[in-house]
Amino acid sequence: MRYVDEYRQAADVRKFAAAIRARVTRPWTLMEICGGQTHTLIKFGLDRLLPEPLTLVHGPGCPVCVTPLEQIDRAIALARRPEVIFASFGDMLRVPGSDTDLLSVKAQGGDVRIVYSPLDAVKLAQRHPDRPVVFFAVGFETTAPANAMAAWQAKQLGLENFSLLVSHVLVPPAMQALLGAPDNRVQAFLAAGHVCAVMGYREYEPIAARHRVPIVVTGFEPLDLLHGIYLAVTALEEGRVGVENQYARAVSREGNLPAQKLLGEVFEVCDRAWRGIGVIPGSGWRLRPEFAHYDAERRFDVGGVSAQESPLCIAGAILTGHKRPHDCSAFGTRCTPEHPLGAPMVSSEGACAAYYQYGRQG
Amino acid sequence: MSEPTAAGILGMTCPIPISDYPHVQLAHGGGGRLTHMLIEKLFAATFANPALAELHDGAVLEVPAGRLAISTDSFVVSPLFFPGGDIGSLAVHGTVNDLAMCGARPLALTAGFIIEEGLAMDDLWKIVRSLAAAAAAAGVAVVTGDTKVVDRGKGDGVFINTTGIGLVPAGVSIRPSAARPGDLVLINGRIAEHGIAIMSVREGLAFETALTSDSAALHELVARVLEAGGADVHVLRDPTRGGVSSALNEIATASRAGIRLDEAAIPIGEAVRGACEILGLDPLYVANEGKGLAIVARPAAERALAAMRAHPLGRDAAIIGEVVADHPGKVFLKSRVGGVRVVDMLSGEQLPRIC
């Protein structure tokens, strides 16, 4: 398969791993932002090919993990309404809310549908004009253009029965928050390639300059990750800061301008709570007032949910890179993919799920 | 009465006048005139065989002496028609394959239909015709059956249960606990085709692809493998729901042995790999309906592989791993890039990921 096989060649992987080993002279701590990158690292066992002084910590870039509990509870409240068709990406269905999850709501009679594209949710609304269709619009800058397109299409079509429960989050403010924390230990970032494919990487340049860190825009295949790590380690060893682009086959400095234009028309920046981390100023998108009619939070009375996290879950420490999944006393015992206590154990991008699924029990 | 061929069955037209009954009604399951019409005209005429022609409460069969295998399976697939098959053909292949994985030659099937009121009569006819044709192609008679109709909203079009009996040849002893360190793991072809084909036509997930389900009856292929491998064939298992990983985890647990897979050796089509990459699914967890895993003692493995490859359903057969003594109960995979990871049992359902 083109663009996959050439980035999974065992001989090249060994070559890059050796090059990284030759480069590293002292301990460094790198963070890969995206849960998809964490997954590739663990799935292919790449972290085990890296030299001892190099520490990879897993970042907060898992949309399933950081969607705040309050929004999950609101989703559950909406999905329980008998008239509502609630459409969602598949992996949100198992995320635990305060007392249940969307799969259980479905089992109890809620009309919960898995869609692969938000535009399919628009089609559902066209097919069921007598029923309100709510789409759970979560994710980073990656999923935002399609979600924006859904709102835009619904407006063009004059669809009265379609709305979005929006919980969008943005990467750069989260990186700033991590770097600004007094206990930060991240010295370089592998930025999320797919996010940058949409947004470009201009907005990372002031972050790199201000916090004196190398940031390498990195892809998702094994060779992408090793190449990204190699570039980050080289910059650290040479004392350079700034943004480099490993993922040039998909990412330009400017990014996808038509997508950015649509995003600007549909969304506006807002403060957003991140599950396990807390409110990060300016770290989210919500629908602009012109699209208020498509905002499920305004269309339905979903306030008044009181969110309750499991006291055992250390998701915040995991998502900020302070702890690893097997540092958690509940990991693999009281918290498993069948009974997740926190979102990082929910498939498929959470660090805990990756560690559990690929047998990193200790 | 001569028994019909698959081609003959597929050429038949619906014996129930569509204009009279365009949809199945509750009365078709009520035991009265309509039930009789449905059973006699639609079912008995299509499945035509001497045992069924008796229209008795059950079938009475002559069976040779020896050991019988029996297996039952219920089919609830949605959508009812999918690329490469439908619930009717699947209901035959699923149960025939379960018998084959016991090492048995299938002798006869039963078919129970639970039909939702309102199902298009033409759809029911297509399904019955397809089931009958698949049974005829497999050389197995549907000897008795049952029909119920449930209220609209209480079923998903139609559910089918099939039970099969088969004869286990002397000397064949296939058990999930029989894998031994040193045995090799064989599969008869490309994985994950059924699950991805179904997903490609599901509401909300539809994507364009030429993929078809691998749904097929494997008993002939299994018979060739057993002829070639004899008592060295230790375990057979069809990796249906939960895919290859769940089937091998069950075998590893039952046999108290480890299984080591080689990712690069596992046959998989380009389109399926692409769909799995896009959807965020692991093909090792995706369902198959025309694949069989065979765990064979090393000296006989090449013979068993050659037997698979000589059969039309085994052209892409491969040796994909081995049974090992360490890590009993666990399945490991050597990845394409050389790393090793655990392949665990599937937790819940595989759900397509966000991004």
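Analyst: Helix H4 of chain B runs over residues 87-100, so 14 residues in all, and it spans 20 Å from first C-alpha to last, close to the 20 Å expected at 1.5 Å a residue (that is, 1.5 Å times one less than the number of residues). Helices here are DSSP runs of H or I with at least four residues, strands are E runs of at least two, and both are numbered from the N terminus. Keep in mind that this is a predicted model: local features need pLDDT of at least 70, side-chain atom pairs count only at pLDDT 80 or more, and totals for chains, interfaces and linings use all residues. Residues are numbered from 1 along each chain as its sequence is written, with chains lettered from A and ligands numbered from 1 in the order written.

H4(B) is mostly covered, with 14 of its 14 residues buried (20 or more other C-beta atoms within 10 Å of a residue's own, C-beta atoms being placed from the backbone).

Now for the surroundings. Chain B splits into domain 1 (6-168) and domain 2 (176-342), bounds that come from an automatic or database domain assignment. Their C-alpha centres sit 29 Å apart. Each domain of chain B puts 21 residues into the contact between them, where contact means backbone-placed C-beta atoms within 7 Å. On the domain 1 side, H4 and strand E4 (105-116) of chain B each supply at least two residues, and H4(B) gives the most, with ten. That side divides into twelve nonpolar, seven polar and two charged residues (nonpolar: Ala, Val, Leu, Ile, Met, Phe, Trp, Tyr, Cys and Pro; charged: Asp, Glu, Lys and Arg; polar: the others, Gly among them).

Technical notes. A residue is buried if 20 or more other C-beta atoms lie within 10 Å of its own, exposed if 12 or fewer, and partly exposed in between; C-beta atoms are placed from the backbone. Two residues are in contact if their C-beta atoms, placed from the backbone, lie within 7 Å.
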